[in-house]
Amino acid sequence: MNYIGSKLSLLDFLEESINKVVDKNCHTFCDLFAGTGAVGVHFKKKGYKIIANDIQYYSYVLNRHYVGNHKELSFLKLSDEIYNLDKLKIEDRSQSVCDYLSSLVGKKGFIYKNYCLGGSINEGEPRQYFSDSNGMRCDAIRQKIENWKDSDLINDDEYYFLITSLIESIDKQANTASVYGAFLKNLKKSAQNDMVLKPAKLFLNDQEHEVFNEDINEVLKKISGDILYLDPPYNQRQYATNYHMLETIAKYDNPTIHGKTGLREYQDKKSRYCSSSQVKSAFKDLILKAKVKYIFLSYNNEGLMSLDDIKEIMGLRGKYGFFTKEYNRFKADKSENRNYVASKTLEYLHYVICD
Ligand SMILES: C[S@@+](CC[C@H](N)C(=O)[O-])C[C@H]1O[C@@H](n2cnc3c(N)ncnc32)[C@H](O)[C@@H]1O
C-alpha cells in the first residue's frame, strides 16, 4: 500500500543501523506506530517476537494479520459453502476463499451509497472514491466476511486475513491521487478496473506476537521489550483524515459522515504527534516511560520536533546517537494540490541506549 511515511524502502537502512547498536540478546521488537506493518514484518522474518500497535483500526487489522498471523489458515468451517474447499491443500485455501468472495454479486451497501457516484448523486453530495461496481463489490465482500464472523464460520485469524485482503485490494482501485483526503473528478484508469480480491501475504513463523489498537502513550504502560522502534507522524497531517475510507471499510460500522469527502468523526483518533503544541510533551512522556533496552526513532529533518528537541529528550535516558540517509520521497505540490513532486529529504534514525 502507498502509505504516508511507509518505511518499506528504508528497511535495509533501519536493519543495518539497528544492528550496529543492539546486543545479541534482543528478542522482542516493539513497533508501536506500526502503520502498514512493514517494519514489524521485516523483523518478524528475522526471528523477533513483535509487539505492534497503531491508533487507527485499519492499521490494527493489517498488523493483526501480517504480524499476528503466523500459522496457515484452514477455513475448515467454510467447506459447506465453498465447494471442495476441504479437499484443497491448506496453503491453497486462502486463494479459493478470496476467489469465492470475488465472484459474489455486488450489493448497494454503505460504501456504494456514500462513496460511489451512482449511490451518492441523489444525496446532494456526489462522491466518486470508487467506481459503482467496485463499491458494490466491496460492500458484498465486507458484508459476507462479517456474516461469516457472526455465524462463527471463521475465526479471528481468518477474519483479519480477509479484511486485510479487502483493504489492500480495494485500495488499488481507489479513485484518488494517493490518500483519501480527496477523490478525483473523473474515474482514473486503475479505478475503472474491477477489483479482484487478492489474498494478503501470510508470514509464517513459530513466535506468538502481540498487536494493539491504542494510543501509544497508553499501550506503553502495558508492555516491555528489548528494542522499541518509533515511527510517529512527522507533521500535522492526521492519518485519521487521510485514510478515513480504509477505517470505515475495516470497521464497517455505518458511521455518521459529513462534508465533501464524507469524513467520519475522528476526535478520538487525533494524534498529539501531529500537533506542534503537544508533540514534545507526548514524546517526552513516551521516552521516559518506555521499559526497553534500546529506543530508535525515525524522523526527518522537516518534522515538527527539531533535532535539538529530540536529542535533548532522548538523551534523558542514556547514550544518544543517530544515523542518516538521504531519501527520495513524494511530496504534495501545494500550488497544484493533486500533483506530487519528488524531493529529497534527510531521514534520521535517532537512538538511545537506555541506562
Ligand atoms: C509514519 S506512520 C508509520 C509508518 C510505518 N512505519 C510503515 O512503514 O508503514 C505513523 C503511524 O502512527 C500512527 N499514529 C499516530 N499517532 C498515534 C498515536 N498517538 N498512537 C499510536 N499510533 C499513532 C498513525 O496512524 C500512522 O499509522
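Which residues point one way from strand 1, and which the other way? Thr28 and Cys30 point one way, Phe29 and Asp31 the other, and all are buried. Buried means 20 or more other C-beta atoms within 10 Å of the residue's own; exposed means 12 or fewer; partly exposed is in between; and C-beta atoms are placed from the backbone.

Some housekeeping. This is a predicted model: local features need pLDDT of at least 70, side-chain atom pairs count only at pLDDT 80 or more, and totals for chains, interfaces and linings use all residues. Residues are numbered from 1 along each chain as its sequence is written. Helices (H or I, at least four residues) and strands (E, at least two) are DSSP runs, numbered from the N terminus.

Confidence next. pLDDT is the predictor's confidence in each residue, from 0 to 100. The protein chain has a mean pLDDT of 95, and 96% of its residues reach 70 or more. Over residues 333–338, however, the pLDDT is below 50. That stretch has 5 contacts in the model beyond near neighbours in sequence. A contact is two residues with C-beta atoms, placed from the backbone, within 7 Å. Where pLDDT is low, predicted coordinates should not be read in detail.

Now the sheet pairings. Two strands pair if DSSP finds at least two bridges between them. Start with strand 1, residues 28–31. Strand 1 runs parallel to strand 2, joined by 4 bridges. Thr28 stands opposite Lys49 there, and Phe29 has Ile50 as its bridge partner.

Strand 1 has another parallel partner: 3 bridges join it to strand 4. Cys30 is opposite Leu228 in that strand.

Move to strand 2, residues 49–53. Strand 2 is mostly covered, with 4 of its 5 residues buried. Strand 2 also pairs in the parallel sense with strand 3, residues 210–212, over 3 bridges. Here Asn53 faces Phe212.

Then strand 4, residues 227–230. Strand 4 runs parallel to strand 7, with 4 bridges between them. Tyr229 has Phe296 as its bridge partner. Why call strand 7 largely enclosed by the rest of the structure? Because 6 of its 7 residues, in the run 294–300, are buried.

Back to helix 2. How many of its 8 residues are buried? The count is 7. They are Ala38, Val39, Gly40, Val41, His42, Phe43 and Lys44. What do they pack against? Helix 1 (11–21), strand 1, strand 2, helix 3 (57–68) and strand 4. Just after helix 2, Gly47 has a positive phi of about 100 degrees.

Lys7 next. Lys7 sits in the segment before helix 1. Buried or exposed? Lys7 has 20 other C-beta atoms within 10 Å, so it is buried. Leaving aside residues up to four places away in sequence, Lys7 touches Leu14, Ala38, Val39, Asp231 and Ser298. Tyr58 is 51 residues from Lys7 along the chain, and their C-alpha atoms are separated by 17 Å.

On to backbone angles. Most residues other than glycine have a negative phi. Phe75 has a positive phi, near 50 degrees. Phe75 lies in the loop between helix 3 and helix 4 (93–102). Phe75 counts as buried because it has 26 C-beta neighbours inside 10 Å. Asn254 also has a positive phi, near 45 degrees. Its loop runs between helix 12 (244–251) and strand 5 (257–258). Asn254 has 12 C-beta neighbours inside 10 Å, so it counts as exposed.
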